[in-house]
Amino acid sequence: MEKREFYSKQALAGSFIMRGMLALLVVGTYLQAFSQSSSPYSRYGLGSVYSPVFSANRAMGDLAAPYVSGVHINYANPASYASLTRTTVELGMRLDGANIYSGDSNYAAFQPNISHLALAFAPSEQAKKRNWGVSLGLLPYTNINYTFIQDFNDTTLGAYRMVHAGKGSLYNVYAGGAYKIKGFSIGANFGFMFGKLDYQKTITFPDSAYALSSRNITSMNVRSFSYTIGVQYAYQIYHHSGAERRQDINMILGAYGSGGIKMGAKISNYWDRFYIDPTYGVLPVDTPSASFNKNATINLPFNIAAGAMFGNEMFWMIGADFKYMNWKSYTSPLNNGGLADSWRISVGAQIIPNSEETNRKKYLSLVQYRLGAYVGKSEIVYNGKQLTETGGTVGLGFPFKKAGFMSGRLNLAGDFGRRGTSDATAISETFYRVTVGFVINDIWFIKRKFD
């Protein structure tokens with residue numbers, strides 16, 4: 001093939017894929033603007049905390065500490081960047097859905113979001129010198145999106161209604177790097193966390209047309225530094241002396257964590273009173289108290305994770321890890337704490353029936369099949385009982401046809417589980433989370449021998 005034709009096909013493939021990724025980003029942003037209410041438990045702490053994994057290991061039970069790949073980014077453990085063999089671009093969109101049960105009533109909720117956008121590369125053309133890697137990207141950290149209503153009947157006040165609502169997200173933009181010495185890798189992510197969380201509590205009197213109602217509105221703007229440190233150790237347990245790489249067995253041990261971070265925030269809060277007029281709607285009366293942009297500090301918990309994985313990425317992998325977060329140490333000026341330490345045990349596996357080049361015509365043998373499960377305790381405590389979370393994951397990785405040096409895949413991941421307690425009066429949830437991820441691999445930043 002001539003050089004001109006080769007680069008033309010590569011550019012065309014790259015243009016097509018990048019347009020698809022841009023379309024996914026635009027659609028995800030549009031859908032987020034019209035998302036429905038999600039879990040009422042997102043009112044606790046900083047909201048529902050997203051798992052810091054991308055589409056590949058999300059389908060493996062959120063396995064992260066020991067996960068290493070030459071063509072997938074493992075943001076959760078930055079030590080994995082040193083094992084990258086290709087420049088990698090990842091973009092994912094996620095749909096969170098749930099059936100929420102409270103007593104005799106239940107309702108469905110869904111919320112689409114951009115899951116992650118990241119770039120990573122290992123700038124070296126020689127395998128022996130490919131001992132470091134870097135990554136940068138953007139991903140959500142937490143989300144709140146709820147509305148729930150409570151009706152009361154007081155002997156003095158009469159019937160009144162209290163409405164709790166919250167909406168907002170925190171995001172983390174990061175840059176990280178890793179270095180490998182023989183089988184030992186160490187890495188770190190340094191990020192900037194930002195976003196806005198809005199809370200509102202309204203008290204109205206539905207049976208009294210001109211009763212004086214009130215509401216409290218609180219907004220919190222967060223701007224804070226963040227970091228994660230990770231380590232991994234790889235050891236080859238068995239190496240087949242011939243060409244059969246399927247029999248190679250590697251062991252990877254990994255761990256990552258971060259200390260408690262003091263986040264800076266500015267909080268605005270005000271109470272106002274109003275009438276609800278049948279003709280003119282809300283008529284403001286006064287604002288008894290108000291404060292704007294007051295400096296505040298939020299203490300985030302420290303977290304640690306560790307695990308082990310066996311196999312090789314070309315054919316099969318299986319592993320497990322344990323995650324722990326010290327949410328008891330969380331404090332906030334909004335007094336939405338009262339949380340407990342959370343933990344999770346994850347197991348996951350991946351198999352590729354045949355990844356050899358000689359088998360390219362049998363497409364299904366090239367697909368990555370993934371499976372996982374997890375069990376743990378949420379940080380949320382309801383009526384003195386800590387919520388339990390259990391679930392299972394499944395996923396597929398569909399490879400694209402190569403275009404020169406460029407390759408990639410479409411990753412699909414599904415997560416199905418339950419969150420709740422044994423208390424019959426508590427709100428319980430059965431949830432599903434679907435992630436669609438695009439992964440593009442190339443050899444950017446590597447000097448080519450032929451121009």
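Student: Why does Glu 389 count as buried?

Tutor: This is a predicted model, and every value here is computed from it. Glu 389 has 12% relative accessibility. Buried means under 20%, so Glu 389 counts as buried.

Student: What makes the contact of Glu 389 and Arg 419 a salt bridge?

Tutor: Their side chains meet at 3.5 Å, N to O. The cut-off is within 4 Å, from a side-chain nitrogen of Lys or Arg to a carboxyl oxygen of Asp or Glu. The pair therefore meets the definition.

Student: How do you know that this pair links distant parts of the chain?

Tutor: Glu 389 is in strand 15 (residues 385–399) and Arg 419 in strand 16 (residues 407–420), 30 residues apart.

Student: Is Arg 419 called buried or exposed, and why?

Tutor: Arg 419 has a relative accessible area of 10%. The limit for buried is under 20%, so Arg 419 is buried.

Student: Which residues are linked with Glu 389 and Arg 419 in a network of salt bridges?

Tutor: Asp 62, Arg 344 and Glu 429 are linked with them in that network. The structure holds 11 salt bridges.

Student: Why is the contact of Asp 415 and Arg 433 called a salt bridge?

Tutor: The N to O value for their side chains is 3.4 Å. The definition asks for within 4 Å, so the name applies. Asp 415 lies in strand 16 and Arg 433 in strand 17 (residues 428–442), so the bridge ties together parts that are 18 residues apart in sequence. Asp 415 has a relative accessible area of 4%, and it is buried because the limit is under 20%.

Student: What does the salt bridge of Asp 151 and Arg 161 tie together?

Tutor: These side chains meet at 2.7 Å, N to O. Asp 151 lies in strand 4 (residues 132–154) and Arg 161 in strand 5 (residues 158–181), so the pair joins parts 10 residues apart in sequence.

Student: Why is Arg 161 called partly exposed?

Tutor: Arg 161 has a relative accessible area of 31%. Buried is under 20% and exposed is over 50%; 31% lies in between, so Arg 161 is partly exposed.

Student: How many cavities of 30 Å³ or more does a search of the whole structure find?

Tutor: The search finds two. The second largest cavity has a volume of about 40 Å³.

Student: What makes up the lining of the second largest cavity, by class?

Tutor: It has five nonpolar, two polar and two charged residues. Among the lining residues are Tyr 50, Ser 51, Arg 58 and Arg 94. Tyr counts as nonpolar and Arg as charged.

How values were computed: Residues numbered from 1 in each chain as written. Predicted model: local features only at pLDDT ≥ 70, side-chain atom pairs only at ≥ 80, totals over all residues. Heavy atoms only, no water. Helix = DSSP H or I, 4+ residues; strand = E, 2+ residues; numbered from the N terminus. Buried < 20%, exposed > 50% of the residue type's maximum accessible area, 1.4 Å probe, protein only. 1 Å grid on protein atoms, 1.4 Å probe; cavity = no way out; pocket = protein on both sides within 12 Å on 5 of 7 lines; lining within 4 Å. Points joined across faces, edges and corners; volume = space filled by probe spheres on them.
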